[in-house]
Amino acid sequence: AASAAADRAVGNVGYISAMPPAVEDAASICKRVAQEKEALAGRAAQSNPQKQDTRLEMHLQDHLASDSAKPEFTRQLEALRVQARGDDDRAEGRPAIIQWGEEGMREVESLKRKFILPFAAERPVPGTRGTSLVPWQSPVYRARSSIQAPAEHVDELSEPIRATLEQILEDTADYSSNHFPLELLTCRRDAWLFSAIRENLSSPEAIRMIGLLAHLLYWTVFGHLRPLERRLPQPSQQSLILSLQELWSRLCDAGRPKGPRKGAEPAVQSPSRDGAQPQAALDRDSPVGFVLPVYMLSLKRNVEYVFHRQYAKAFNDVHTGAALAAELVDQLNVLVMNVFDPDCAYASFGALDSSAEAIRQWRKLGVLQMKLGLSPAVKMLSREFRTTPMTLLLMNGDGGEPVDPRTRKFLQKSASDVVLATVAASPPRPGGAAASPTVVPRLDERRR
């Protein structure tokens, strides 16, 4: 129609009139949408005036309640809310919760298959693709405590551990800060707790424990590779166990909560590895059932790393390295169980035990332990009458048994054959108690 009108106006000359359409810009669209929303809200308020009045009354009550609130309590409540949500950041010196990705999940899976029960009890069946559960208390591990080294690596494995405390400290600090997925081992979201644990994992006691336990493990599994006259004497091994028990006792004291928590700030501080004041420490709210298993897990992993670092050729061998590493892990688990944790109480985590796989494996592992005589009733009686390795060393520290017959009778009731025999360096008696130690290091006045 426009073209026809134009043709009539200018004669027979034809042309096209192309006018751009009227298109709204983004600002106009947003303004129109906001107006429509306000109109809808107004109609909803008119249709339900009681709801609008209730909302205004709630706002008024909140305002009146905030007049009498103490600012200090308000800040503490907000800090606890932020901490519970895991939104802490490093502003004002606050530690942050590490958000682990695939790397953290792979590390947790590796730690589970090596050191965390019940997953670590699963071992491949030779000649098949299947797996089977082998309890750490099994006589199979006691029968082959020495590892047979491949012939081509005997010379390398004949050299004792040479790692220094400085090297162990550097490796442990790097692993604890950058590669140890603490946050994936618990359901808690406490940045201060994780910071305090990482600080204690690099403490002087923890570093010395890693070095001494690596030496003890070496003389247990590879000591037979050295000439008889160049092996570590039995009294020296007992002194090594005594020192490990003292260090573990100190580390447990550092891991036990002390003092109240004040808001989000740490309440108790422990010495750091460089002598300066640490940034965080454990307090009364810290879960001991999580802290001590973390210490034990870190100890095992770092001892394994000491071996892999020094004997890299043997453990990286494409033919025998994997089998050698698996045997080392098994003997490390058994040694730690015998010396520190006869009940394996520090070898599992509640956050990992809730999976269907863990529940199924715990059921099977319980049946296997009952076949070895470790029924729930026996475990309960053992925990009731058990003496700790430190107590045993103290009782026998002068070279003989306790003088009081009542004390000797009580010690005979202890059913912890494994731990007592390991500390006393003597085979357990058939009756259920460990035999008297033949060679026991004397306790000097300072240690007593």
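The axes of helices α10 and α14 (residues 321-339) come within 11 Å and cross at roughly 115°. Axes are lines fitted to C-alpha atoms over the stretch in contact, with angles from 0 to 180 degrees between N-to-C directions. This is a predicted model: local features need pLDDT of at least 70, side-chain atom pairs count only at pLDDT 80 or more, and totals for chains, interfaces and linings use all residues. Residues are numbered from 1 along each chain as its sequence is written, and side-chain values use heavy atoms, without hydrogens and water.

**Helix crossing**
- α10 passes α14 in a right-handed crossing, meaning the near helix is turned clockwise from the far one by less than a right angle.
- Helices are DSSP runs (H or I, at least four residues), numbered from the N terminus.
- On the α10 side, Leu213, Leu216, Leu217 and Val221 make the contact (heavy atoms within 4.5 Å).
- α14 brings Leu328, Gln331, Leu332, Leu335 and Val336.
- By class, this contact has eight nonpolar, one polar and no charged residues.
- Ala, Val, Leu, Ile, Met, Phe, Trp, Tyr, Cys and Pro count as nonpolar, Asp, Glu, Lys and Arg as charged, and the others, Gly among them, as polar.

**Second largest cavity**
- The whole structure holds six cavities of 30 Å³ or more.
- A cavity is a set of points on a 1 Å grid over the protein atoms alone where a 1.4 Å probe fits but cannot get out; lining residues have an atom within 4 Å of a point.
- α12 gives the most, with three residues.
- The lining has six nonpolar, one polar and no charged residues.

Definitions and conventions:
1 Å grid on protein atoms, 1.4 Å probe; cavity = no way out; pocket = protein on both sides within 12 Å on 5 of 7 lines; lining within 4 Å. Points joined across faces, edges and corners; volume = space filled by probe spheres on them. Helix = DSSP H or I, 4+ residues; strand = E, 2+ residues; numbered from the N terminus.
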